[in-house]
Amino acid sequence: GGTATTIAAPATEGTYFLFVIDGVGNVSVSSTATVTVDNTAPTVAIAAPSTSIASSGPVTFDVTYTSADSIGLTAAGVSISVTGSAVGAVTGVAATNATTRRVTIGNLTGDGTLKIKILAGTASDTAGNLSAESAESTAFTVDNSGPVPGNGGVLVTTGPTTSTITASGTAATDNQTNQGDLKYKLLYSATNNISTVSTAEA
(Lines give C-alpha, C1' and ligand atoms only; values in the text may rest on other atoms or scores of the structure.)
Protein backbone atom coordinates (compact mmCIF):
# COMPACT_ATOMS: atom_id res chain seq x y z
CA GLY A 1 0.00 0.00 0.00
CA GLY A 2 1.20 3.44 0.90
CA THR A 3 0.68 6.77 -0.72
CA ALA A 4 2.41 7.87 -3.91
CA THR A 5 4.59 10.93 -3.50
CA THR A 6 5.75 13.26 -6.24
CA ILE A 7 9.21 14.78 -5.87
CA ALA A 8 10.40 17.55 -8.17
CA ALA A 9 13.45 16.61 -10.20
CA PRO A 10 16.66 18.32 -9.08
CA ALA A 11 18.16 20.94 -11.37
CA THR A 12 21.66 19.49 -11.13
CA GLU A 13 22.45 16.69 -13.57
CA GLY A 14 23.36 13.30 -12.20
CA THR A 15 21.95 10.04 -10.86
CA TYR A 16 19.85 10.14 -7.68
CA PHE A 17 18.80 7.49 -5.13
CA LEU A 18 15.75 7.89 -2.90
CA PHE A 19 15.94 7.57 0.89
CA VAL A 20 13.16 8.01 3.45
CA ILE A 21 13.78 9.74 6.80
CA ASP A 22 11.36 9.46 9.68
CA GLY A 23 10.55 12.02 12.33
CA VAL A 24 13.49 11.11 14.59
CA GLY A 25 16.05 11.01 11.80
CA ASN A 26 16.18 7.29 10.98
CA VAL A 27 17.16 6.77 7.33
CA SER A 28 15.88 3.93 5.20
CA VAL A 29 17.98 1.92 2.81
CA SER A 30 18.15 3.46 -0.65
CA SER A 31 15.56 2.71 -3.28
CA THR A 32 16.31 0.04 -5.82
CA ALA A 33 15.35 2.44 -8.63
CA THR A 34 17.38 5.49 -9.56
CA VAL A 35 16.50 8.76 -11.26
CA THR A 36 18.87 10.31 -13.77
CA VAL A 37 18.58 14.04 -14.45
CA ASP A 38 19.76 15.10 -17.90
CA ASN A 39 19.41 18.73 -18.99
CA THR A 40 22.04 18.65 -21.74
CA ALA A 41 20.65 18.84 -25.28
CA PRO A 42 22.27 17.10 -28.24
CA THR A 43 24.72 19.25 -30.19
CA VAL A 44 25.13 19.64 -33.95
CA ALA A 45 28.28 20.31 -35.98
CA ILE A 46 28.55 20.85 -39.74
CA ALA A 47 31.75 19.84 -41.53
CA ALA A 48 33.26 21.84 -44.39
CA PRO A 49 31.58 21.48 -47.80
CA SER A 50 32.82 18.72 -50.09
CA THR A 51 34.20 21.35 -52.49
CA SER A 52 34.97 25.04 -52.19
CA ILE A 53 33.57 25.99 -55.62
CA ALA A 54 30.91 24.47 -57.89
CA SER A 55 28.72 25.37 -60.85
CA SER A 56 25.76 22.97 -60.77
CA GLY A 57 26.59 20.60 -57.90
CA PRO A 58 26.12 18.40 -56.06
CA VAL A 59 27.92 19.67 -52.97
CA THR A 60 27.63 17.78 -49.67
CA PHE A 61 27.88 18.70 -45.99
CA ASP A 62 28.32 16.10 -43.24
CA VAL A 63 26.24 16.94 -40.16
CA THR A 64 27.30 15.18 -36.93
CA TYR A 65 25.18 14.95 -33.78
CA THR A 66 26.59 14.37 -30.30
CA SER A 67 24.57 12.84 -27.42
CA ALA A 68 21.50 12.30 -29.61
CA ASP A 69 19.36 9.19 -29.17
CA SER A 70 17.03 10.03 -32.04
CA ILE A 71 17.86 11.98 -35.21
CA GLY A 72 15.05 13.19 -37.47
CA LEU A 73 16.85 15.49 -39.88
CA THR A 74 15.04 16.03 -43.19
CA ALA A 75 15.33 18.63 -45.95
CA ALA A 76 12.86 20.81 -44.03
CA GLY A 77 15.38 21.06 -41.18
CA VAL A 78 18.09 22.57 -43.38
CA SER A 79 18.24 26.33 -43.91
CA ILE A 80 20.15 27.71 -46.92
CA SER A 81 21.76 31.16 -46.98
CA VAL A 82 23.15 32.67 -50.20
CA THR A 83 24.84 35.80 -51.48
CA GLY A 84 24.71 37.35 -54.94
CA SER A 85 22.52 35.56 -57.46
CA ALA A 86 23.39 32.06 -56.21
CA VAL A 87 20.52 29.57 -55.88
CA GLY A 88 20.56 26.01 -54.54
CA ALA A 89 18.27 23.41 -53.03
CA VAL A 90 18.52 20.46 -50.64
CA THR A 91 18.29 17.41 -52.89
CA GLY A 92 19.00 14.74 -50.29
CA VAL A 93 19.59 13.88 -46.63
CA ALA A 94 21.08 10.45 -45.93
CA ALA A 95 22.61 8.66 -42.95
CA THR A 96 26.29 7.77 -43.27
CA ASN A 97 26.42 6.26 -39.76
CA ALA A 98 24.46 6.36 -36.49
CA THR A 99 25.41 9.96 -35.68
CA THR A 100 26.06 11.62 -39.06
CA ARG A 101 23.71 12.78 -41.81
CA ARG A 102 24.97 13.88 -45.25
CA VAL A 103 23.11 16.87 -46.68
CA THR A 104 23.33 17.22 -50.47
CA ILE A 105 22.89 20.59 -52.17
CA GLY A 106 22.11 20.60 -55.90
CA ASN A 107 20.33 22.52 -58.66
CA LEU A 108 22.91 25.29 -58.35
CA THR A 109 22.58 28.35 -60.54
CA GLY A 110 23.84 31.93 -60.52
CA ASP A 111 26.96 33.35 -58.92
CA GLY A 112 27.73 33.95 -55.25
CA THR A 113 28.18 31.87 -52.11
CA LEU A 114 26.03 29.32 -50.31
CA LYS A 115 26.07 27.98 -46.77
CA ILE A 116 23.67 26.03 -44.57
CA LYS A 117 22.60 25.71 -40.95
CA ILE A 118 20.54 23.05 -39.19
CA LEU A 119 17.35 24.21 -37.52
CA ALA A 120 16.48 23.47 -33.89
CA GLY A 121 14.67 20.29 -32.94
CA THR A 122 16.16 17.90 -35.51
CA ALA A 123 17.40 15.50 -32.81
CA SER A 124 16.57 14.54 -29.22
CA ASP A 125 17.86 12.42 -26.36
CA THR A 126 15.98 9.99 -24.10
CA ALA A 127 15.36 12.76 -21.56
CA GLY A 128 13.45 14.74 -24.18
CA ASN A 129 16.07 17.45 -24.71
CA LEU A 130 15.93 18.84 -28.26
CA SER A 131 18.94 19.94 -30.27
CA ALA A 132 19.44 23.68 -30.71
CA GLU A 133 19.99 25.46 -34.00
CA SER A 134 23.50 24.91 -35.34
CA ALA A 135 26.05 27.53 -36.29
CA GLU A 136 26.27 28.31 -39.99
CA SER A 137 28.54 26.15 -42.10
CA THR A 138 31.54 27.26 -44.10
CA ALA A 139 30.33 28.71 -47.40
CA PHE A 140 31.24 27.45 -50.85
CA THR A 141 31.30 29.49 -54.05
CA VAL A 142 28.72 29.10 -56.81
CA ASP A 143 30.23 30.13 -60.16
CA ASN A 144 28.35 29.93 -63.44
CA SER A 145 29.93 32.86 -65.29
CA GLY A 146 32.70 32.22 -67.80
CA PRO A 147 35.83 34.35 -68.23
CA VAL A 148 35.55 37.64 -70.12
CA PRO A 149 38.05 37.88 -73.02
CA GLY A 150 40.24 40.96 -73.03
CA ASN A 151 39.66 43.46 -75.83
CA GLY A 152 36.50 41.61 -76.85
CA GLY A 153 38.48 38.48 -77.67
CA VAL A 154 40.37 40.09 -80.57
CA LEU A 155 43.71 38.37 -81.21
CA VAL A 156 46.70 39.48 -83.24
CA THR A 157 48.26 36.58 -85.12
CA THR A 158 51.55 36.14 -86.91
CA GLY A 159 52.45 33.29 -89.18
CA PRO A 160 51.72 30.61 -89.82
CA THR A 161 55.16 29.26 -90.42
CA THR A 162 55.74 25.69 -91.39
CA SER A 163 54.66 24.43 -87.98
CA THR A 164 53.57 27.33 -85.74
CA ILE A 165 51.23 30.25 -85.49
CA THR A 166 51.56 32.97 -82.86
CA ALA A 167 48.51 34.64 -81.33
CA SER A 168 48.59 37.50 -78.82
CA GLY A 169 45.94 39.62 -77.15
CA THR A 170 44.72 41.21 -73.94
CA ALA A 171 44.43 38.84 -70.97
CA ALA A 172 40.96 37.70 -69.98
CA THR A 173 39.40 38.24 -66.54
CA ASP A 174 37.15 36.05 -64.40
CA ASN A 175 34.98 36.68 -61.34
CA GLN A 176 36.53 33.77 -59.41
CA THR A 177 39.80 32.62 -61.00
CA ASN A 178 42.92 34.75 -60.76
CA GLN A 179 43.94 36.16 -64.11
CA GLY A 180 47.28 34.36 -63.95
CA ASP A 181 45.55 31.01 -63.40
CA LEU A 182 43.29 31.22 -66.47
CA LYS A 183 44.02 28.74 -69.24
CA TYR A 184 43.80 29.50 -72.95
CA LYS A 185 42.97 27.13 -75.80
CA LEU A 186 43.56 27.92 -79.47
CA LEU A 187 41.30 26.00 -81.84
CA TYR A 188 41.36 25.55 -85.59
CA SER A 189 38.19 25.38 -87.65
CA ALA A 190 37.87 24.61 -91.36
CA THR A 191 34.88 26.94 -91.53
CA ASN A 192 34.15 30.38 -90.16
CA ASN A 193 31.65 28.92 -87.68
CA ILE A 194 33.71 29.44 -84.56
CA SER A 195 31.39 31.41 -82.30
CA THR A 196 31.58 28.72 -79.60
CA VAL A 197 34.08 26.07 -78.55
CA SER A 198 31.66 23.26 -79.38
CA THR A 199 31.11 24.45 -82.96
CA ALA A 200 34.82 25.04 -83.49
CA GLU A 201 35.59 21.50 -82.32
CA ALA A 202 32.84 19.99 -84.51
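Modeller: This is a predicted model. In it, valine 27 lies in the loop between strand S1 (14-17) and strand S2 (34-37).

Biologist: Is valine 27 buried or exposed, and why?

Modeller: Residues with over 50% relative accessible area count as exposed. Valine 27 reaches 53% relative accessibility and therefore counts as exposed.

Biologist: Which residues form a nonpolar patch on the surface?

Modeller: Val27 forms such a patch with Phe17, Phe19 and Ile21, and together they have about 440 Å² of accessible area.

Biologist: Let us turn to the interior. Where do nonpolar side chains tend to be in soluble globular proteins?

Modeller: In soluble globular proteins, they tend to be buried together. Here, the largest nonpolar core has 20 residues, of which Tyr65, Ile105, Leu108, Ile116, Ile118 and Phe140 touch the most other members. Two or more residues of this core come from each of strand S3 (43-46), strand S5 (59-66), strand S9 (100-109), S10 and S12. The largest share, four residues, is given by S5.

Biologist: With which residues is leucine 108 in contact, leaving aside its neighbours within four places in sequence?

Modeller: Its contacts include Ala54, Val59, Val87, Leu114, Phe140 and Val142. Ser55, Ser56, Gly57, Gly88 and Asn144 are also among the contacts of leucine 108.

Biologist: Why is S9 described as largely enclosed by the rest of the structure?

Modeller: A residue is buried when its relative accessible area is under 20%. Seven of the ten residues of S9 are buried, so this strand is largely enclosed by the rest of the structure.

Biologist: How many bridges join S9 to S5, and how many join S9 to strand S8 (residues 87-95)?

Modeller: S5 and S9 run antiparallel and are joined by six bridges, with valine 63 opposite arginine 101 in S9. S8 and S9 also run antiparallel, with seven bridges, and alanine 89 stands opposite glycine 106 in S9. A hairpin of four residues connects S8 to S9.

Biologist: What is the strand order in the open sheet of four strands?

Modeller: The order is S4-S12-S10-S7, and the pairing is mixed. Strand S4 (53-54) and strand S7 (78-82) are the edge strands, as each pairs on one side only. Strand S10 (residues 112-118) pairs with strand S12 (residues 140-142) in the antiparallel sense, over three bridges. Across this pair, glycine 112 stands opposite valine 142 in S12.

Definitions and conventions: Residues numbered from 1 in each chain as written. Predicted model: local features only at pLDDT ≥ 70, side-chain atom pairs only at ≥ 80, totals over all residues. Heavy atoms only, no water. Patch = residues over 30% accessible without salt bridge, like charges linked within 9 Å, V, L, I, M, F, W, Y side chains within 5 Å. Areas by Shrake-Rupley, 256 points an atom, 1.4 Å probe, with all protein chains shown as cover. Salt bridge = Lys/Arg side-chain N within 4 Å of Asp/Glu carboxyl O. Buried < 20%, exposed > 50% of the residue type's maximum accessible area, 1.4 Å probe, protein only. Pairing = 2+ DSSP bridges. Core = buried A, V, L, I, M, F, W, Y, C linked by side-chain atoms within 4.5 Å. Contact = heavy atoms within 4.5 Å.
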